[in-house]
Amino acid sequence: MFGNTFNSTLDDIINILNHCKHNSSLEILNLGSNKLQGTFPKNVEHFPMSLKELDISNNELNGNLPKSIAKLSTLKLLDVSNNSFTGVIYETHLENLSKLEHIDLSSNANLTLKLSNKWVPSFQLQYIGLRSCFLGPQFPTWLKTQSNISYLDLSDCGISSVIPSWFFNTSSKLHYLDLSFNLINSTLPKIQLESNNNFPFIDLSSNHFHGHIPPSFLFKVTVLNLSNNTLTQFEPLFCTNYLSLLVDDDYSPKTTILDLSNNLLVGTLPDCLFSLRKLKVINFYNNKLSGVIPSSISSLYQIETLILGKNNLSGTLPSSMKNCTRLVFLDVGENNLRGSIPLWIGEILTNLVVLQLNYNHFHGVMPSNLCHLDSIRILDISHNNINGMIPFCFNNFTSLMSSHDEKFDDVGIIDLSSNKLIGEIPMELTNLVGLVQLNLSWNSLSGAIPLNIGNLSKLEALDFSHNNFSGQIPIGLAKMSSLAYLDLSYNHLSGTIPTSTQLQSFNASSYVGNDDYGLCGLPLLTKCPGDDHPIFKDDDDDDSDFDDQKWFDILNAVEDGDKWLDMKQFHMGIGVGFIVGFVGVCVNIFLLTSWRPVYFRFFNAMGDWLYVRISIKMEKFKRIAVKARRHGRSKRNSSSVAQRQCRNPSI
């Protein structure tokens with residue numbers, strides 16, 4: 001019965017089952033992922049007393065869970081997650097469930113667990129899912145009695161106390177540990193893990209952990225998320241101690257995902273980190289790391305996502321990075337990197353989908369080799385010192401030449417703003433019909449805006465401001481119905497602004513600074529020759545109080561450092577911070593107010609893609625911990641049992 005569209009109540013289902021011939025012997029009832037509504041039946045006597053597994057997860061059930069649920073004494077699995085249950089769970093709810101091994105109360109509307117510090121449960125749990133249930137502020141002491149835990153999710157549970165030392169004695173069998181989104185304020189715990197091949201998933205993100213990062217954390221984990229804490233540095237002699245662990249243990253590191261983003265890490269990148277050759281994702285975004293990127297990065301043959309943005313890294317991009325041929329996402333933006341853009345990026349890293357080099361000190365011309373990145377969807381080289389012309393080969397970006405893409409339908413950015421580019425916009429650029437945002441502002445580009453700019457029908461944001469463009473605004477711009485942001489200000493444009501609902505809907509600030517060159521027509525106040533119709537100010541509040549000084553203040557703010565695209569919150573989800581719901585966690589973009597609506601939909605799509613790509617790997621470890629106890633076996637067994645025992649077509 002799993003994964004259908006039943007929209008009746010749980011009471012109705014149980015009543016129907018009671019008319020089945022062999023209902024008394026039913027052991028597995030899986031009603032997960034349906035549309036069941038209403039409350040949990042208060043009288044559980046109608047449930048089969050032989051029931052061993054009850055799964056009603058992912059429905060629309062609400063109300064309190066009755067204490068009579070304790071009468072289902074044969075239960076081994078109880079899953080009521082992802083509903084809208086409320087109220088308090090007491091010891092009396094669980095006191096007779098001595099055979100229980102798997103419990104999941106996660107993600108309900110408002111469930112609170114009030115269990116005595118002295119309570120000793122009659123069961124030994126292997127799987128505990130309590131995400132978003134309120135347990136705090138103290139760490140639940142009843143866990144001390146549980147010695148078989150392999151899966152433990154206490155994320156977003158309001159815990160603020162230090163993790164007690166006894167917990168480490170009960171954690172040796174853990175395959176999955178999630179304590180994220182709490183208020184735990186301490187140094188990182190020394191968690192003991194079994195020396196076996198079941199390297200666990202550990203998520204301690206979004207807490208208040210501080211101090212050093214010990215090397216032992218990297219040794220016996222597959223996924224490690226320490227993002228959004230206040231960790232300050234790697235432990236002294238980090239690499240020395242790390243290498244000694246390798247000698248003393250029979251198992252080589254199997255860390256595949258490492259997320260330390262949004263901490264306060266200082267110092268240089270430990271060279272030994274790059275000996276973790278299984279790494280597929282590294283996210284160190286938004287720390288205070290300095291020094292150069294180690295040449296030992298060449299050891300990361302399997303790396304797919306490398307995010308080092310918003311640090312204080314210096315030097316050049318090491319040529320050894322060319323060995324990272326599987327890279328899909330590369331972000332080294334917002335650092336102090338120098339030199340020219342390496343030719344090998346376009347020649348060798350041809351799998352790149354995202355390339356962020358923004359806010360550095362790169363100089364020289366933009367290499368035409370970048371045109372070999374035929375999978376690119378985000379190219380951000382803004383705020384550097386790049387000169388010369390825009391390459392004419394951008395139409396080699398074949399991924400952006402399609403307006404329909406299942407994975408990237410709302411993903412397409414080229415940002416070359418705030419450089420020293422000259423020359424005209426290549427006509428080839430207008431063939432990138434998959435573009436959603438295009439920013440060429442704050443350069444010295446000249447010539448006319450291409451007449452076929454209207455080909456970019458998916459464009460939602462276009463910024464050509466602060467250049468030397470001349471001639472008339474192409475009529476094609478008036479046909480771009482998706483355009484939500486337009487800035488053509490401070491150029492040498494002339495003629496009449498094409499009349500359309502689209503172009504006249506923008507604020508006059510989108511066209512300001514072209515008046516001296518003859519640009520006229522609404523929404524500007526400048527009348528065009530032969531236009532006898534009076535021009536009135538727009539009644540819109542944004543236009544009515546517009547004045548030149550206010551606009552110049554805004555421009556100065558932009559010039560002094562405001563960003564066309566701020567990836568700050570985007571990166572918080574790229575690593576493992578979006579594991580339990582990214583990226584999708586999932587992603588909030590801090591932008592100029594006028595840009596926010598444009599980006600929300602875009603980053604949801606980009607976030608979904610990145611989340612799926614990375615979380616598929618993570619879910620493998622979760623499934624190991626669950627040991628196929630939930631939907632797989634329950635679905636098969638419940639379907640076959642139900643079909644044999646009850647042939648009622650109304651269910």
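Where is the place of Asn58? The place of Asn58 is in the loop between β3 (53-55) and β4 (60-64). Strands are DSSP runs of E with at least two residues, helices are DSSP runs of H or I with at least four residues, and both are numbered from the N terminus. The model is predicted; local features need pLDDT of at least 70, side-chain atom pairs count only at pLDDT 80 or more, and totals for chains, interfaces and linings use all residues. Residues are numbered from 1 along each chain as its sequence is written, and side-chain values use heavy atoms, with hydrogens and water left out.

Asn58 is not a glycine, yet its phi is positive, at about 55°. Its relative accessibility is 30%, so Asn58 counts as partly exposed. That term covers the range between buried (under 20% relative accessible area) and exposed (over 50%), with a 1.4 Å probe and protein chains only.

His383 also has a positive phi of about 55° and is not a glycine. His383 sits in the loop between β26 (378-380) and β27 (385-389). With a relative accessible area of 21%, His383 is partly exposed.

Cis peptide bonds were examined next. One joins Gly136 and Pro137, with omega at about 5°. Pro137 is placed in the loop between β9 (127-129) and β10 (151-153). Another cis peptide bond links Leu522 to Pro523, and here omega is about 10°. The loop that holds Pro523 runs between β37 (519-520) and α8 (541-544).
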